Amino acid sequence: MGMTMIEKILAAHSDQDELKPGDIVNARVDMVLGNDITTPVAVEEFNKIGVDRVFDKERIAIVPDHFAPNKDIKAAEQVNMIRKFARKHEITNFFEVGQMGIEHVILPEKGLTLPGEIIIGADSHTCTYGALGALGTGVGSTDMAAAMATGKAWFKVPPTIKFVYKGELKPHVSGKDLILYTIGKIGVDGALYKAMEFTGEAIENLSMDGRMTMSNMAIEAGGKAGLIAADEKTEEYLKGRAQRDYTVRNADPDAEYEQVIEIDVSQIEPQVAFPSLPENTKGLAEIKEKIEIQQSVIGSCTNGRIEDLRVAAEILKGQKVNGNVRCLVFPGSQAVYKQAMNEGLFDIFIDAGVAVSTPTCGPCLGGHMGILAEGEKAISTTNRNFVGRMGSTGSEVYLASPAVAAASAIKGYIAGPEEVK
Amino acid sequence: MVFKGKVFKYGDNVDTDVIIPARYLNSSDPENLAAHCMEDIDQNFADEVNEGDIIVGGKNFGSGSSREHAPLAIKYAGVSCVVAESFARIFYRNSINIGLPILECPEAVQATETGDELEVDIDKGQVKNLRTGKTYQAVPFPPFMQEIIKDGGLIEHVKKELV
């Protein structure tokens with residue numbers, strides 16, 4: 001019998017011929033990831049195990065990105081602790097400020113997440129790597145600790161929901177809109193304990209950046225993973241990047257799915273997720289009221305890649321950010337930063353009155369660099385709009401694409417790119 | 001293991017940002033986490049909770065961020081166990097890994113109110129509401145997870161395997 005992507009990947013990493021939903025396996029992992037919030041707890045747990053070395057110093061990535069560059073003394077202490085751990089164990093992939101970026105932007109960029117692999121990360125958006133045909137999935141610090149010692153993690157094989165995206169996207173409709181629409185359709189627990197596979201011509205036509213945006217938010221539907229079959233685009237992206245050999249493990253034609261959901265993308269408009277759940281989505285045309293905003297955030301592990309910045313720049317070119325709005329751009333990595341700079345995007349942003357920052361997760365989780373006051377509203381290309389996510393519990397976050405965030409920054413209220421001329 | 005405690009009940013989709021807001025994640029000190037547990041959904045929780053009390057949640061409890069600080073904050077606050085209609089998957093495995101008892105029991109959740117007293121038998125997977133006298137059966141853990149729980153969490157389980 002055929003297997004879905006996640007069944008195939010888990011089987012290959014646990015020496016099984018076949019796996020079905022419900023089976024539990026102890027599988028080898030290809031990469032273990034942690035950030036400056038989750039790694040300190042993992043280091044403490046690792047030390048309790050009593051082993052004197054990590055399973056493979058080249059297969060661990062530690063990225064200070066959430067509160068880095070360090071926002072306060074406690075954050076600095078946490079980064080110091082993990083820096084010492086990384087040095088002691090000669091961790092190859094410790095990304096210091098200056099080489100760093102947002103974990104889920106830099107790992108694919110550096111060829112550390114490859115098709116057919118398993119990457120676990122003590123960060124819920126580790127599911128981003130599904131866009132490369134890998135099983136990327138979020139775990140906690142204790143899982144990270146155990147995997148750093150053993151190179152393994154336990155998994156329950158989940159059933160898979162297959163999404164088939166048909167038709168052609170309207171102008172200004174992106175991967176972000178597809179995934180927001182999908183979450184709106186199935187709900188924030190619509191894929192709980194399940195894997196999602198994104199398929200169909202609209203996915204084949206999406207760029208790698210757009211695919212990563214989609215897989216990134218699988219967790220916002222409760223999903224264990226958001227997988228996309230590796231194809232020519234994936235191979236092209238990995239040329240000159242891949243740091244290991246890899247085996248593509250796409251789904252078998254006769255794989256069994258728990259459910260197949262077909263979506264006609266030609267009917268989808270730019271989407272906005274209203275507070276305080278990512279499932280509260282509306283198409284732009286459905287928004288009748290004028291929602292004034294005080295902040296527009298463009299960046300994050302969801303939308304901090306070069307294509308996202310290009311889209312924002314195209315809309316902001318020759319325009320001015322509304323006087324009532326702070327517009328912040330966060331490139332996802334040093335490479336994205338440099339490329340955006342070389343393409344002249346920073347000139348466009350700065351002339352428009354946008355603040356451009358060094359890469360950090362900062363504002364997305366209400367960490368630093370763009371905290372909201374009581375009563376303030378933000379439009380954001382990030383992934384969560386929970387109560388208090390970006391600051392005061394009396395503030396609100398609306399999720400959207402870079403195109404909508406840029407247009408809204410110009411207008412001062414939530415608006416589509418068509419409204420900016 | 002049998003726990004008896006007063007109930008703090010919350011709705012669906014209680015996310016890890018409200019369980020322990022990111023602004024407190026610059027330290028994993030138990031006292032810091034316990035002091036701010038549930039702060040953004042229930043400002044009085046940290047003051048009112050007593051050793052052994054029980055959190056009851058709706059669907060998708062612990063959704064969002066993978067921060068293990070969330071189940072740790074609940075554990076350090078003195079909560080004996082969490083009963084919910086369903087758990088977000090990362091919260092679910094984190095709880096098992098750190099040894100915070102959790103049970104999935106939709107019927108018990110629907111019949112429970114804040115202030116009720118529950119008696120929870122983790123081994124049998126039974127939840128008894130002492131106000132109504134009714135007992136409910138929770139979804140059992142697969143044997144593999146029972147082993148981790150029995151070992152006292154993933155670290156102890158791994159230690160046993162490596163030695």
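1. Start with two helices of chain A: the axes of H11 (residues 306-316) and H13 (residues 345-352) come within 9 Å and cross at roughly 50°. Axes here are lines fitted to C-alpha atoms, for helices over the stretch in contact, with angles running from 0 to 180 degrees between N-to-C directions. Helices (H or I, at least four residues) and strands (E, at least two) are DSSP runs, numbered from the N terminus. H11(A) and H13(A) are therefore oblique to each other; angles under 35 degrees would be roughly parallel, over 145 roughly antiparallel, 65 to 115 roughly perpendicular, and the rest count as oblique.

2. Who touches whom there? On H11(A), Leu309(A), Arg310(A), Ala313(A) and Leu316(A) meet Leu345(A), Ile348(A), Phe349(A) and Ala352(A) of H13(A). Contact means C-beta atoms, placed from the backbone, within 7 Å. By type, that gives 7 nonpolar, no polar and 1 charged (nonpolar: Ala, Val, Leu, Ile, Met, Phe, Trp, Tyr, Cys and Pro; charged: Asp, Glu, Lys and Arg; polar: the others, Gly among them).

3. A word on the source: this is a predicted model, where local features need pLDDT of at least 70 and side-chain atom pairs count only at pLDDT 80 or more, while totals for chains, interfaces and linings use all residues. Residues are numbered from 1 along each chain as its sequence is written, and chains are lettered from A and ligands numbered from 1 in the order in which they are written.

4. Now the interface: 45 residues from chain A and 35 residues from chain B make the contact. On the chain A side, helices H2 (39-49), H3 (73-88) and H5 (141-150) each supply at least two residues, and H5(A) gives the most, with 7 residues. That side of chain A divides into 21 nonpolar, 14 polar and 10 charged residues.

5. Chain B has an open, mixed sheet of 7 strands in the order S4-S3-S2-S1-S5-S6-S7; strands pair if DSSP finds at least two bridges between them. S4 (102-104) and S7 (135-137) of chain B are the edges, each pairing on one side only. Further in, S5 (residues 117-121) and S6 (residues 126-129) of chain B pair in the antiparallel sense over 4 bridges, with Leu118(B) bridged to Asn129(B).

6. Some backbone spots to look at. Most peptide bonds are trans. Ala68(A) and Pro69(A) are joined by a cis bond with omega about -10°, and the bond from Pro275(A) to Ser276(A) is also cis, omega near 0°. Ser300(A) has a positive phi of about 85° and is buried, with 29 other C-beta atoms within 10 Å (buried: 20 or more; exposed: 12 or fewer; partly exposed in between).

Notes. Two residues are in contact if their C-beta atoms, placed from the backbone, lie within 7 Å.
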